[in-house]
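Hi everyone, thanks for making time for this. Please take a look at the structure on the screen, and I'll walk you through a few places in it.

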Amino acid sequence: MNTIRETLLLFGTPLSRAPSAASLQAQLYERLQSAILKGQLAADTRLPGSRELASALSISRNTVIAVYEQLSTEGYVHASPTGTRVARLSERPVSAADDMPCTAGLARRIEQIGNGSALAESSGALRPGIPALSYFPLSTWRRVLDQEISHAGSSSLGYGDPLGEPRLRASLARYLSLSRGVNCTAEQIIITEGTQEALALSVRLLTNPGDTAWIEDPGYRGIKTAMRAGDLHIVPKRVDTEGLAVAAADWVTAPPRLIYTTPSHQYPMGSVLSVSRRLALIEHARAHGAWIIEDDYDSEFRHFGEPVKAMQGLVLNAPVVYIGSFSKTMFPALRLGFMVLPHSLMVATRASLTEMLRGGHRHEQLAMASFIEKGHFSRHLGRMRRLYRERQQILRTALQQFIPMPYELMGGNAGMHLTLRLPAHCCDQKVVEAASRYNMAPAALSRYTLSPLREDNGLVIGYGNTATELFAPLASRLGQLLKSA
């Protein structure tokens, strides 16, 4: 291949000039590099001259020259008396099969994790778990962050306290005590990089490989990942209208070392763990030397009645590790979470924790402390509660109008999602796949369970980051997809 025409065959579509696209130089580099690696540009192929290629692609000659120079530096091409030619890289082009030997040394737990069915990354409408990002007071946050950076100066550029900034931990202790009924001091709090790190840390601190762990079923997929990574034996426990359902016999047949629950707002079913079950769970956990992870998911967005207090504060010195994050109350990219350890557990593990953890995100932590202290956080939560309550009601009306079959809605007293149970003939995973083609991203209820039952067929529909005016047309489209399912 040595003509400009043949080279241009590699460009099935023109270089993009969209504002969100990569630079023309980056796009040209990627296409030529990919063609060389795949063998579409064979060894010793002469590339078009820089002036000729620039003219054909309507780009600057300097852009082409820069790309050729970069490819030459990296060894993809070399200069010759007759022009720039493709270098000989290997005897055969790179293919998907070349990735196979790289997986030979993976741990077995990675295969277990990989077999999970995580949500595909999507910004589609109706995706659960995403807050109303356009309503976040970004200018206020930016101002608070700038103030903290200016005030702290270069002294905040080091690692900091491995357990988190003391000021944020103190602010959190006050906030959790007043709003969630959590019984703790600042010294019991660890700042984490979101909920997932808190879960992984809990598994590392409290279990050994092979230990039994109970999880809610259906339930949050992230805990399955954390427990599989810890080589735990996972036992799913069903969820009903009173939350996690555990029989007395379960403590005899498969006593756990670790129990995971979302008592204030079960995800994804929306139930609240009754106080009788909470107390029984704490009592049995104490008797069997087990630990409870209380994930206080979506607790701040209670739409009806008084807020449900945390299980951690029900009983003094309860064997409960309380965790939460700011991903829903602030924004996911902040990557700040927290965990509250019982005092005795913190005393026993503090020395190890300081070895295991490293401080970081100090400016964000200081800004978060200021955001709480100045009342911005509480005001933002109040606005979001009103917004989510309104959005849920409009979504309910739209579903009632456009869903063409009997259905059951679960949840709704809190949070940013509703769960719609479907009849058996409508496969939830096929509906989700079809919805993705219309930029809709509800989640399949069946993907949240380890032991699927007939009733685990439905859609988890998020309304946090979807505008209210879109609910009617989205519900209409969803209804059409269900008709043809």
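Five residues form one aromatic cluster here: Tyr175, Tyr322, Phe326, Phe338 and Phe377. Before we go on, please keep in mind that this is a predicted model.

Let's stay with two members of that cluster, Phe326 and Phe338. Are these two buried or exposed? Phe326 is buried, because its relative accessible area is 2% and buried means under 20%. Phe338 is buried as well, with a relative accessible area of 4%. Their ring centres are 5.6 Å apart and the planes meet at 55°, so we call the pair tilted. Now find them along the chain: Phe326 belongs to the loop between strand 9 (320-325) and strand 10 (337-340), while Phe338 is in strand 10 itself, so this pair ties together parts 12 residues apart in sequence.

How many aromatic pairs turn up in the whole structure? The search finds 13. Another one to look at is Trp141 with Phe371, an edge-to-face pair with 5.6 Å from centre to centre and 75° between the planes. Trp141 sits in helix 6 (residues 138-152) and Phe371 in helix 13 (residues 362-373), so here the pair ties together parts that are 230 residues apart in sequence. Trp141 counts as buried, at 6% relative accessibility. Phe371 is buried too, at 0%.

Arg221 lies over the face of Tyr448, 4.1 Å from the ring centre. In the other example, the charged end of Lys237 sits over the ring of Trp214, at 4.8 Å from its centre.

Which residues make the nonpolar patch of about 240 Å²? They are Val275, Leu279 and Leu314. You'll find Leu279 in helix 11, which covers residues 275-288. Why does Leu279 count as partly exposed? Its relative accessibility is 40%, and partly exposed means between the 20% limit for buried and the 50% limit for exposed.

Last stop: an annotation. An unreviewed UniProt entry places the feature "domain: HTH gntR-type" at residues 22-89. In our model, that span is 51% helix and 12% strand, and its end C-alpha atoms lie 27 Å apart.

That's my tour, and I'm happy to go back to any of these spots with you.

Conventions. Residues are numbered from 1 along each chain as its sequence is written. This is a predicted model: local features need pLDDT of at least 70, side-chain atom pairs count only at pLDDT 80 or more; totals for chains, interfaces and linings use all residues. Side-chain values use heavy atoms; hydrogens and water are left out. Patches are made of residues with over 30% relative accessible area and no salt bridge: like charges are joined within 9 Å, nonpolar side chains (Val, Leu, Ile, Met, Phe, Trp, Tyr) within 5 Å. Accessible areas come from the Shrake-Rupley method with a 1.4 Å probe; for residues, only the protein chains shown count as cover. A salt bridge is a side-chain nitrogen of Lys or Arg within 4 Å of a carboxyl oxygen of Asp or Glu. Helices (H or I, at least four residues) and strands (E, at least two) are DSSP runs, numbered from the N terminus. Buried means under 20% relative accessible area, exposed over 50%, partly exposed in between (1.4 Å probe, protein chains only). UniProt positions are given in the numbering used here, feature names are shortened, and annotations may be inferred rather than shown by experiment. Rings of Phe, Tyr and Trp (its six-membered ring) pair if their centres lie within 6.5 Å; planes under 30 degrees apart count as stacked, over 60 as edge-to-face and the rest as tilted. A charge sits over a ring if NZ of Lys or CZ of Arg is within 6 Å of the ring centre and within 35 degrees of the ring normal.
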